[in-house]
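Please view the sequence and the structure first.

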Amino acid sequence: MYTHQKQVFTSGTPIQEAKKAIIMIHGRGGSAEDIASLSRHLHLDGMAIYAPQATRHSWYPYSFLAPVEENQPALDSALDSIDQVVNDLVEAGITTENIYFLGFSQGACLTLEYTARHAKRYGGIIALTGGLIGETLETDNYQGDFAGTPVFISTGNPDPHVPVSRVEESVSILEDLNASVTSRIYPGRMHTISPDEINLVNQHIL
């Protein structure tokens, strides 16, 4: 469970032809193919789609609100998996300004944690029901400058996994790193992806 093997599902435009790429990160219990299937609802024309697969369908064992050490070494292994995908894309000729990230739930938390630890100008960051990881947020972990990277972050109110307070904390940290953040809190929404979120992502990020 704790060491993620390098398994990546790819679709969309072949990397040799693509000018942009998106890394799509599934949630707990999900799969790379599941999250990649969202592409039919998103404006991803011309993009290579890379979706890493977590070992046993989970990136780390406990809640993202647990103390970080309780989710180790799985969390570091998960972050390294994302870093490997980013490096593969850069080696293939995709600049970081043309790399996008999308995650849902546990995958959204991992998306935010990775990008905030490696803040730079990306194409865009989409965190569908997620927040930065840890019982308390260690701001020293978050380095760099997003240089205006557009970010979308959401949750329901209440959500069984991602409280509104953590989304608000995350927005503040991302904005301090110069991200351009669009956030939405959806009263009474189930732990799912709503049509409104898809519309906002297509309008503001893609």
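## A parallel strand pair

Strand β6 (residues 150–157) and strand β7 (residues 180–187) run parallel and are joined by 8 bridges; strands count as paired if DSSP finds at least two bridges between them. One of these links has T155 with I185 in β7 as its bridge partner.

Together with helix α4 (residues 164–176), the strands β6 and β7 form a right-handed β-α-β unit. Right-handed here means that, with the strands pointing away from the viewer, the path from the first strand over the helix to the second runs clockwise.

## Basis of the model

The model is predicted: local features need pLDDT of at least 70, side-chain atom pairs count only at pLDDT 80 or more, and totals for chains, interfaces and linings use all residues. Residues are numbered from 1 along each chain as its sequence is written, and side-chain values use heavy atoms, leaving out hydrogens and water.

## The chain as a whole

The chain contains 5 helices and 7 strands, which are DSSP runs (helices H or I, at least four residues; strands E, at least two) numbered from the N terminus. Their order along the sequence is β-β-α-β-α-β-α-β-β-α-β-α.

## Burial and contacts

Of the 206 residues in the chain, 54% are buried, that is, under 20% relative accessible area with a 1.4 Å probe, protein chains only. Among contacts (heavy atoms within 4.5 Å) with a separation of 6 or more, 77% involve residues 24 or more positions apart.

Notes
Buried means under 20% relative accessible area, exposed over 50%, partly exposed in between (1.4 Å probe, protein chains only).
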